[in-house]
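Dear colleague,

I am handing over the structure we spoke about, and below it I have set out what was found when going through it. Please read the notes with the structure open beside you.

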Amino acid sequence: MSLVVRPSPIHSVGVYTSKPIRKGARVVEYAGERITLEEADRRYDGISRTYLYGLDDGKTVIDGHGLGAYLNHSCDPNCEVDEIKGRVWLFAIRDIAAGEELVWDYNLYDDEDPAPCHCGARKCRGTMYSREWMAKMRRKEARKKKKLESAVAGNGRNETGKGTTSSRAPAPLNEAGFSR
Ligand SMILES: C[S@@+](CC[C@H](N)C(=O)[O-])C[C@H]1O[C@@H](n2cnc3c(N)ncnc32)[C@H](O)[C@@H]1O
Ligand SMILES: [Zn+2]
């Protein structure tokens with residue numbers, strides 16, 4: 001397979017194929033050093049460009065090197081990733097023409113730092129996080145908002161538990177929902 005790294009409109013550089021690739025073909029391995037989650041956090045704390053892939057065991061991370069680690073993310077990918085016996089491969093999920101950039105859906109999770117997507121696809125979801133992770137984050141935000149609202153409402157209650165009719169504005173709240 002003839003893969004080349006060159007500038008990409010998505011981000012910095014990406015991986016392109018100079019020959020057509022058939023749907024289902026194994027394209028390239030996501031190779032690299034196996035490290036722990038803790039080591040990955042230590043190495044990449046505060047760094048937005050990473051080459052990490054978390055294995056299914058939930059404990060091991062590949063710190064990628066080589067071509068496989070240089071594929072950019074797209075919300076409308078032409079490749080997908082699969083773990084087979086502890087090794088990670090990228091497969092073509094449709095026929096890919098010569099000259100196309102190879103991209104896969106990172107489906108990021110387990111982090112809260114923003115990860116805006118610039119893939120340019122018509123159906124771009126605006127983030128490299130997975131839909132499931134985004135839904136989880138929205139539920140978390142909603143719970144936080146509800147907690148804040150009930151803390152605000154609680155400020156208007158007297159000792160009998162009945163609400164007062166005070167027209168004072170509620171005390172300002174900090175992020176944990178407690179009044180300062
Ligand atoms: C594995 S690298 C991909 C190669 C990278 N373009 C480079 O030049 O090193 C992953 C990083 O590329 C960037 N990236 C990849 N796809 C992106 C996208 N669709 N939108 C924004 N940034 C992207 C992010 O910084 C991400 O952490
Ligand atoms: Zn996108």
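**Notes on the structure**

Leaving out residues up to four places away in sequence, arginine 43 touches Glu33, Ile35 and Asp63. Please keep in mind throughout that this is a predicted model, and that the distances and areas quoted here are computed from it. Arginine 43 sits in helix 1, which covers residues 37-44, and it counts as partly exposed, with a relative accessibility of 28%. Its side chain makes a polar contact with the side chain of glutamate 33 at 3.0 Å, and another with the side chain of glutamate 39 at 2.7 Å. Aspartate 63 is 20 residues from arginine 43 in sequence, and the C-alpha atoms of the two are 9.7 Å apart in space.

**The overall fold**

The protein has two helices and ten strands, and read along the sequence these follow the pattern β-β-β-β-α-β-β-β-β-β-β-α. Of its 180 residues, 34% count as buried. The accessible surface of the protein comes to about 12000 Å², and 51% of that surface belongs to carbon and sulfur atoms. Among the contacts between residues at least 6 apart in sequence, 57% join residues that are at least 24 apart.

**The zinc site**

Which residues coordinate the zinc ion (ligand 2)? The donors are the SG atoms of Cys75, Cys117, Cys119 and Cys124, at 2.3 to 2.4 Å. The angles among these four donor atoms run from 103 to 115 degrees, and the site is tetrahedral. For comparison, the ideal angle for four tetrahedral donors at a metal is 109.5 degrees. Along the chain, the donors of the zinc ion follow the spacing C-x41-C-x1-C-x4-C.

What does asparagine 78 contact, leaving aside its neighbours within four places in sequence? The list is Phe91, Ala92, Ile93, Arg94, Ile96, Glu100, Glu101, Leu102 and Val103. With glutamate 101 there is a polar pairing, in which the backbone oxygen of glutamate 101 lies 2.8 Å from a polar atom of the asparagine 78 side chain.

**Ligand 1**

Ligand 1 is surrounded by 19 residues, of which the closest are His11, Val13, Tyr51, Ala69 and Asn72. On the oxygen side, a backbone N or O atom of threonine 50 lies 3.3 Å from an oxygen atom of ligand 1. The protein covers 94% of the 570 Å² of accessible area that ligand 1 has on its own.

**Loop residues to look at**

Serine 12 is placed in the loop between strand 1 (3-7) and strand 2 (13-17), and its phi is near 40 degrees, a positive value in a residue other than glycine. Serine 12 is partly exposed, with a relative accessible area of 38%. Lysine 85, in the loop between strand 8 and strand 9 (87-92), likewise has a positive phi, of about 50 degrees, although it is not a glycine; at 84% relative accessibility, lysine 85 counts as exposed. Glycine 58 is found in the loop between strand 5 (52-54) and strand 6 (60-64) and is partly exposed, with a relative accessible area of 47%. The C-alpha atoms of glycine 58 and leucine 37 are separated by 8.3 Å, and the two residues are 21 apart along the chain.

Methods: Residues are numbered from 1 along each chain as its sequence is written. Chains are lettered from A and ligands numbered from 1 in the order in which they are written. This is a predicted model: local features need pLDDT of at least 70, side-chain atom pairs count only at pLDDT 80 or more; totals for chains, interfaces and linings use all residues. Side-chain values use heavy atoms; hydrogens and water are left out. Donors are N, O and S atoms within 2.8 Å of the metal (3.2 Å for Na, K and Ca); water is not among the atoms, so sites may look incomplete. Four donors count as tetrahedral if all angles lie between 85 and 135 degrees; four count as square planar and six as octahedral if opposite donors are over 155 degrees apart and all others between 65 and 115; anything else is irregular. A residue is near a molecule or strand if one of its heavy atoms lies within 4 Å of it. A polar contact is a pair of N or O atoms within 3.5 Å; within protein, one must be able to donate a hydrogen and the other to accept it, and residues adjacent in sequence count only if both atoms are side-chain atoms. Accessible areas come from the Shrake-Rupley method with a 1.4 Å probe; for residues, only the protein chains shown count as cover. Helices (H or I, at least four residues) and strands (E, at least two) are DSSP runs, numbered from the N terminus. Buried means under 20% relative accessible area, exposed over 50%, partly exposed in between (1.4 Å probe, protein chains only). Contact means heavy atoms within 4.5 Å.
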